[in-house]
Amino acid sequence: MADTDFDLIVIGGGSIGLSTAWHASQRGWRTLVLERFGFFNDDGSSAGASRQYRIQYSQKYLAELAIAAQDYWSSLQQRTGETLLGSVGSVWFGDPALSSQEGGIQAAMDTMDALSVPYTKLEAEAIEQVYGFRDLPSNYSGFFQPNGAIINLKAAERAMYTAARDSGCVHLRAWTPVDGIDSGAEGRIEVASGTERFVASRLALTPGAYANAVLDPLGVSIDLDIWEMSSAYFRKEAQDVRYPTWFVFQEPQTTSLFYGFPEVDWAFPGYIRAAPDIADRILKDPAERSGVPSAKSLTLTSDWVRDHMTGLEPTPQFTSTCLIALATGKSGKELLLDYLPATVPNSQKIVTYTAGWAAKFIPILGEMVCQMLEAEVETFHFGDFAIARSNFAIDWKPAG
Ligand code: BEZ
């Protein structure tokens with residue numbers, strides 16, 4: 001096999017691309033990962049230090065997938081001395097009747113009941129007394145789910161990168177933007193970067209917000225909205241202040257959805273992260289990114305911290321932005337994962353993952369991509385769960 005011939009090329013070396021490379025290495029596939037920037041960058045969906053792991057979902061298949069992901073988190077955890085999941089639990093609270101893009105409190109409790117997932121119901125008073133919030137409307141309620149955790153995103157990426165690299169069968173190439181893909185006869189898939197050509201029998205496209213630029217040479221596109229979102233850390237004023245991971249559901253949703261994290265030693269110790277679940281800007285092309293948090297988002301978050309959190313100084317510090325691709329339209333799809341349409345040669349050997357709040361699924365998504373590239377998958381089987389691939393189907397559009 002020539003140096004440029006691979007069993008699998010992965011385009012996009014963010015968290016899902018690295019997960020795919022890690023699982024490919026466990027299959028012994030000679031794999032090439034092409035990343036347009038440096039690895040562990042903050043230029044796309046894998047930006048920032050932390051994410052939330054949660055089981056509670058309105059959709060049963062996503063709760064099942066989050067539960068199934070636990071074994072994969074454990075197996076990744078065994079590969080590193082860094083803590084990947086800080087198990088602090090998850091508190092969802094707010095207006096119990098409200099349903100947002102992250103789901104709703106009652107719908108999530110219904111799913112947890114259906115799956116026998118443990119949780120404790122909370123009224124406003126307990127949310128204030130136990131979890132450090134204050135001055136909540138008296139009708140607010142919610143729950144505590146003990147498996148919720150803060151994800152050490154960069155440590156997870158490092159663990160997957162190291163596992164892939166140390167396998168000896170994965171080549172990881174930074175600063176290698178792809179400018180051409182030719183899927184041709186006899187299962188040959190050629191990928192171009194500048195004057196270099198790489199050939200593989202399988203292709204995984206995991207470019208996150210950059211999906212449409214990567215898909216363009218294949219003549220297809222996906223209707224995506226790219227949210228540029230901002231986030232900030234707030235200085236702890238009181239030593240004993242402890243938060244779980246949390247999400248507050250309130251109206252109006254365009255200005256009042258917030259989420260946050262505990263203090264961790266891997267990112268700005270002495271500070272606690274809180275963020276609005278609101279787009280600063282909705283883009284069609286990542287190049288339109290400003291890289292600067294909007295003053296409105298920072299003010300809204302700062303006001304929430306000042307009015308409803310205890311022990312924090314409400315001036316935002318260490319601000320950042322990230323890009324998150326989300327499926328548009330009425331599909332209601334959370335995660336997009338599919339083969340290319342049959343019009344593209346070797347379509348069953350090319351899998352695309354993009355879009356959605358995917359961090360909690362990182363170590364299982366790479367496994368799903370590899371299963372699809374191994375043989376045609378209609379249903380994913382994880383333990384007792386059978387999760388239909390149609391839940392993730394992409395509504396393909398022509399490029400352009
Ligand atoms: C999530 O758990 O999916 C999530 C949490 C905070 C913001 C957005 C999404």
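Student: Where does Ser19 lie?
Tutor: Ser19 sits in helix α1, which covers residues 15–26. This is a predicted model, so every value here is computed from predicted atoms.

Student: Why does Ser19 count as buried?
Tutor: Set its value against the cut-off. Buried means under 20% relative accessible area. Ser19 has 0%, so it counts as buried.

Student: Which residues is Ser19 in contact with, leaving aside its neighbours within four places in sequence?
Tutor: They are Met160, Ile362, Pro363, Leu365, Gly366 and Glu367.

Student: What makes Ala386 partly exposed?
Tutor: Partly exposed lies between the two cut-offs, 20% and 50%. Ala386 has a relative accessible area of 49%, so the label is partly exposed. Ala386 belongs to strand β27, residues 385–388.

Student: How do you know that Ala386 touches Glu64?
Tutor: A contact needs heavy atoms within 4.5 Å. Glu64 is in the contact list of Ala386, so the pair meets that limit. The list also holds Thr379, Phe380 and His381, with residues up to four places away not counted. From C-alpha to C-alpha, Ala386 and Glu64 are 8.8 Å apart, and in sequence they are 322 residues apart.

Student: Why is Gln59 called partly exposed?
Tutor: Gln59 has 26% relative accessibility. Gln59 is in the loop between β4 (50–53) and α2.

Student: Why does Ile181 count as buried?
Tutor: The cut-off is under 20%. Ile181 has 7%, so it counts as buried. Ile181 is found in strand β13. Its contacts beyond four places in sequence include Ile11, Leu203, Val214 and Leu218.

Student: How far from Lys333 is Ile181, C-alpha to C-alpha?
Tutor: The separation is 27 Å, and the two are 152 residues apart along the chain.

Student: What makes a set of residues a nonpolar core?
Tutor: The members must be buried, of nonpolar types such as Leu, Ile, Met and Phe, and joined through side-chain atoms within 4.5 Å. The largest such set here has 82 residues. Leu65, Leu337, Phe361, Ile364, Met368, Phe380 and Phe392 touch the most other members. Helix α2 (residues 60–77) gives the largest share of this core, 10 residues. A second, separate core has 27 residues, among them Ala200, Leu215, Leu224 and Ala355.

Student: Why is Ser116 called exposed?
Tutor: Exposed means over 50%. Ser116 has 65%, so it is exposed.

Student: How do you know that Trp175 is exposed?
Tutor: The test is over 50% once more. Trp175 has 62%, so it passes. Its phi is about 50 degrees, positive although Trp175 is not a glycine. Trp175 is in the loop between β12 (170–173) and β13 (180–183).

Student: What is the peptide bond from Glu251 to Pro252, cis or trans?
Tutor: That bond is cis, with omega near -10 degrees. Most peptide bonds are trans. Pro252 has its place in the loop between β19 (245–249) and α7 (253–256).

Student: How do you know that the radius of gyration agrees with a compact globule?
Tutor: Compare two values. A compact globule of 400 residues would have a radius near 21 Å, and the protein has 21 Å, so the two agree.

Student: How many helices and strands does the protein have?
Tutor: Nine helices and 28 strands. Of the 400 residues, 59% are buried.

Methods:
Residues are numbered from 1 along each chain as its sequence is written. This is a predicted model: local features need pLDDT of at least 70, side-chain atom pairs count only at pLDDT 80 or more; totals for chains, interfaces and linings use all residues. Side-chain values use heavy atoms; hydrogens and water are left out. Helices (H or I, at least four residues) and strands (E, at least two) are DSSP runs, numbered from the N terminus. The radius of gyration is taken over C-alpha atoms; the globule rule is 2.2 Å times the number of residues to the power 0.38. Buried means under 20% relative accessible area, exposed over 50%, partly exposed in between (1.4 Å probe, protein chains only).
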